Amino acid sequence: MKYTKAFIVAAWCCSFLSSVAGIMAQDKQLATIKRKHGQQIEGEIKGVIVQKETIKEWTEGSKKHYNVIYYLTNGSDIRAIDEKGVHVPEGTQIPTRFVTQKGKPPDDLEVLQVAEDKKSLIPTTKAGGQVLRAGVAATGVSAAMLLGELRTKDGKTGLIGALEIQTTSGLIAIPVGEIIDFTQKEK
């Protein structure tokens, strides 16, 4: 059987588009979120989820110093949130903010806001804390404290204490306080 060039090109395009659609469908995996009262919600987490490691504190001379690490995970990368923590596929790149500040612990919202300043190589907080932007490869599960969802509206960054989840019955917001506590310790 003899095929025309147009037929071959059309067949190739259909095959290519089918492959792309399959890949995109795989990327749209749903997350399972466990709530404190036992209910499980399944859906797509819409925003960027913020977690914070325990503040490391030490004294040098008469000044207290603080180090904090924040993880900003795309909701679409999250597969589950349960008693172990936030689950993402190993190797997923997670935007990370490292902060060092003297005098007092850094303010979470201020750190996240100044980190968005792309004009500055190393943004600083009002208290003189330095914020380093980086990315780390996920190791599977993070038990760092869940702060909420990072949202930017009208050029302003905010930290919302709830996660927006698109479920089959619609968009819902789950307050962070209703999500099951993590029983694992941070790594």
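Predicted model: local features only at pLDDT ≥ 70, side-chain atom pairs only at ≥ 80, totals over all residues.
I began at strand 11, where L146 is the bridge partner of Q51. Strands here are DSSP E runs of at least two residues, helices H or I runs of at least four, numbered from the N terminus.

Residues are numbered from 1 along each chain as its sequence is written, and side-chain values use heavy atoms, without hydrogens and water.

Next I followed strand 3 (residues 48-52). Its pairing with strand 11 (residues 145-153) is antiparallel, over five bridges; pairing takes at least two DSSP bridges between two strands. Five bridges also join strand 3 to strand 5 (residues 63-74), again antiparallel, and there I49 stands opposite T73. I found four of the five residues of strand 3 buried (under 20% relative accessible area, with exposed over 50% and partly exposed in between; 1.4 Å probe, protein chains only).

Then I looked up I78. Leaving out residues up to four places away in sequence, I78 touches A31, I45, I49, T73, V86, H87 and V88 (contact: heavy atoms within 4.5 Å).

I78 is also among the residues with the most contacts inside the largest nonpolar core, together with I33, I45 and I81; this core has 21 residues. Such a core is a set of buried Ala, Val, Leu, Ile, Met, Phe, Trp, Tyr and Cys residues joined through side-chain atoms within 4.5 Å. Strand 1 (31-34), strand 2 (40-45) and strand 13 (162-167) each give two or more residues to this core.

Last, the overall tally: I counted two helices and 14 strands, with 36% of the 187 residues buried.
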